[in-house]
Amino acid sequence: MKSKHCIFLFSLLIFGGMASELSAQSHFQVNKSFPIASAGGWDYIAVGPGNNRLYVSHGTQVNILDETTGDSVGVIPNTTGVHGIAFVPSLGKGFTSNGRLNNVTVFDLKTNEVKGQIATGQNPDAIMYDAFSKLIITCNGRSADL
């Protein structure tokens with residue numbers, strides 16, 4: 001679990017463009033770099049629940065990498081404008097917020113198979129699972145709602 005938190009922190013620093021600035025001011029350093037060869041912009045990264053995977057939102061898809069080797073282990077397709085990724089391990093499902101499609105993609109955590117899409121407000125960005133209410137929550141930028 002500690003290594004997943006370190007990887008998550010590392011990812012935030014790299015994708016936030018602050019790694020070199022912080023390493024000059026502190027003891028942070030880049031330990032690994034995983035290049036992904038495909039077109040499109042980058043946004044959020046999420047550490048999968050107990051499956052040794054990193055989920056990287058990337059333009060029109062989510063790239064899934066082995067967190068140890070960086071090898072590609074799958075893709076969640078057709079997520080145009082993808083921002084965040086959330087997980088509900090008890091249901092074996094993952095969710096992506098697709099900003100340009102105004103929806104959420106539901107996928108199977110074991111097979112990466114897309115199970116469906118759910119309409120949201122306009123431009124869903126951050127996404128999270130609230131275990132208390134058992135709800136997936138998206139923060140919708142243009143419609144300014146949840």
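Ala144 is exposed, with 68% relative accessible area, where exposed means over 50%, buried under 20% and partly exposed in between (1.4 Å probe, protein chains only). This residue lies in the segment after β10; strands here are DSSP runs of E of at least two residues, numbered from the N terminus. Ala144 is not a glycine, yet its phi is positive, at about 50°. Most residues other than glycine have a negative phi.

The model is predicted, so local features need pLDDT of at least 70 and side-chain atom pairs count only at pLDDT 80 or more, while totals for chains, interfaces and linings use all residues. Residues are numbered from 1 along each chain as its sequence is written, and side-chain values use heavy atoms, with hydrogens and water left out.

Lys134 sits in the loop between β9 (124–130) and β10 (135–140), and with a relative accessible area of 62% it is exposed. The loop between β9 and β10 also holds Ala131, which counts as partly exposed at 48% relative accessibility. Ala131 and Val88 are 43 residues apart in sequence, and their C-alpha atoms are 8.4 Å apart in space.

Strand β10 itself contains Asn140. Is Asn140 buried or exposed? At 4% relative accessibility, Asn140 counts as buried. Its side chain makes a polar contact of 2.9 Å with the side chain of Thr138; such a contact is a pair of N or O atoms within 3.5 Å, and within protein one must be able to donate a hydrogen and the other to accept it, with residues adjacent in sequence counted only if both atoms are side-chain atoms. Leaving aside neighbours within four places in sequence, Asn140 is in contact (heavy atoms within 4.5 Å) with residues including Thr120, Pro124, Asp145 and Leu146.

Turning to the sheet, 4 strands form an open, antiparallel arrangement in the order β5-β6-β7-β8, two strands being paired if DSSP finds at least two bridges between them. The edges are taken by β5 (82–88) and β8 (114–119), each with a single partner strand, so one side of each is left without a neighbour in the sheet. From one strand to the next, the twist averages 20°; axes are lines fitted to C-alpha atoms, and angles run from 0 to 180 degrees between N-to-C directions. Strand β7 (residues 103–108) runs antiparallel to β8 and is joined to it by 5 bridges. Val104 has Ile118 in β8 as its bridge partner.

The largest nonpolar core has 10 residues, among them Tyr55, Ile64, Ile85, Phe87 and Phe107. A nonpolar core is a set of buried Ala, Val, Leu, Ile, Met, Phe, Trp, Tyr and Cys residues joined through side-chain atoms within 4.5 Å. Two or more residues of this core come from each of β3 (61–66) and β5, and β5 gives the largest share, 3 residues. Not counting residues up to four places away in sequence, Ile85 touches Tyr44, Ala46, Phe95, Phe107 and Ile127, among others. A second, separate core of 6 residues includes Ala86, Val88, Phe95 and Ile127.

The structure holds 1 salt bridge, defined as a side-chain nitrogen of Lys or Arg within 4 Å of a carboxyl oxygen of Asp or Glu. Lys115 forms this bridge with Glu113, and the closest N and O atoms are 3.4 Å apart. Glu113 counts as partly exposed, at 45% relative accessibility.
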